[in-house]
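Me: Hello! I would like a close look at one part of this protein, with its surroundings worked in as you go. Could you walk me through it in one connected answer?

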Amino acid sequence: MPRFIYGIIILVLVFILLYTLSATVMFNIKTFNVTGNVDNYSAEKIIEKSGIKKNDNMFVLDSSKYERKIVESFPYIETAKIIKHFPDTLEIKVTKCAETYNIAYDSGVLSVSKNGKIIETKEQSQGNVIQINGFDPVSTKDGDTLRSKDSQKDKIFQALKKAIRSDLKYKIDSIDITDKYNITIQIDSRIIFKAGSWSDIDYKIELAESAVAKLDDGSKGYLTMVGSNQVSFRTAQLVADTKKKAQERLAEQEASENASETTSENMGNN
């Protein structure tokens, strides 16, 4: 047998031996470390729910499988990362869910994280987070991923998440997607932005940001999309006056019609 073939066989055998040792005897877990900022659950509970046990072999451990299991098992855990410290220490690093959205539904409000995980249910919105109206969630169970009965509203929600930057120059209070083609956004508790459909919603929000920046701080009213690349602003007072005049005209018209009907009836009786 040629010497180089003999050498290859030896290398293969050594590799098999090392792999076997690594997967059976070496790198078995002796110590767990749970790190992160989640104070709702004990380290022991997280380790137990993960399904990983002492003397499990780190070399063959499927990290992603157990990371998913941890996240799915605990409503208040947003992410889990398994870090292998060879030869025998396993670190489980977790991050806590931060309430980012309140999803209104028939029986109350869902507290939802940045990644769309349902944290808890409550009677009403609390805290400085954006409320989403008209979403119509499939599930209200803690720990579930937020989904709508209308799949298109799932896409709208994802588009809105991307469009709402952390450095926006104004505060978004709530978004109503009850009518998918007439989305309204409340800004700074004083401006209603009628954005229309969710098409190009990121551009529309930037357009509204630019328009709001040009208004006086105390301005109250309505921003409305005009075409695809402009917005118009009407003060709340102007809208109220316009509405009042329309109601007065309607009342006058109804009074005139009633008077005409009365005259006709009198003429008929004569």
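What is the relative accessible area of Arg165?

Reply: Happy to. Arg165 has a relative accessible area of 30%, so it counts as partly exposed (buried is under 20%, exposed over 50%, partly exposed in between, with a 1.4 Å probe and protein chains only). Before going further, please keep in mind that this is a predicted model, in which local features need pLDDT of at least 70 and side-chain atom pairs count only at pLDDT 80 or more, while totals for chains, interfaces and linings use all residues. Residues are numbered from 1 along each chain as its sequence is written, and side-chain values use heavy atoms, with hydrogens and water left out.

Start with the charged partner of Arg165. Arg165 forms a salt bridge with Asp167, and their closest N and O atoms are 2.8 Å apart (the term asks for a side-chain nitrogen of Lys or Arg within 4 Å of a carboxyl oxygen of Asp or Glu). Shared partners join Arg165 and Asp167 with Glu209 into one salt-bridge network. Asp167 has a relative accessibility of 52%, so it counts as exposed.

Arg165 also belongs to the lining of the largest pocket. A pocket here is an open set of points on a 1 Å grid over the protein atoms alone, where a 1.4 Å probe fits and protein lies on both sides within 12 Å along at least five of seven lines; lining residues have an atom within 4 Å of a point. The lining has 14 residues, and Arg165 is listed with Thr100, Ile130, Ile164 and Ser166 as lying nearest the centre. By type, the lining holds 7 nonpolar, 3 polar and 4 charged residues. The space inside is about 420 Å³, a volume filled by probe spheres set on the grid points.

The structure holds 8 salt bridges, and one of them joins Glu99 to Lys122, with 2.4 Å between the closest N and O atoms. This pair links distant parts of the chain, since Glu99 sits in strand E4 (residues 99-105) and Lys122 in strand E6 (residues 118-122), 23 residues apart. For reference, strands (E, at least two residues) and helices (H or I, at least four) are DSSP runs numbered from the N terminus.

Another salt bridge brings together the side chains of Lys149 and Asp136, at 3.9 Å from N to O. Both residues lie in the loop between strand E7 (130-133) and helix H4 (151-163), and they are 13 residues apart, a pair that links distant parts of the chain. Lys149 is exposed because its relative accessibility is 60%, while Asp136, at 40%, is partly exposed.

Now move from charge to a nonpolar part of the surface. Phe59, Val60 and Phe86 form a nonpolar patch with about 280 Å² of accessible area together. Patch members have over 30% relative accessible area and no salt bridge, and nonpolar side chains are joined within 5 Å (like charges within 9 Å). Phe59 is placed in the loop between helix H2 (43-50) and helix H3 (63-73), and its relative accessibility of 36% makes it partly exposed. Phe86 has a backbone feature too: a cis peptide bond joins it to Pro87, with omega of about 20°. Pro87 lies in the loop between strand E2 (77-85) and strand E3 (89-96).

Phi of Asp188 is near 50°, a positive value in a residue other than glycine. Ser189 is in the loop between E9 and E10 as well, and its phi, near 55°, is likewise positive. Asp188 is partly exposed because its relative accessible area is 27%, whereas Ser189, at 56%, counts as exposed.

To finish in strand E9, Gln186 has its place there. The C-alpha atoms of Gln186 and Ile175 are 6.4 Å apart in space, although the two residues are 11 apart in sequence.

How values were computed: Nonpolar A, V, L, I, M, F, W, Y, C, P; charged D, E, K, R; others polar. Areas by Shrake-Rupley, 256 points an atom, 1.4 Å probe, with all protein chains shown as cover.
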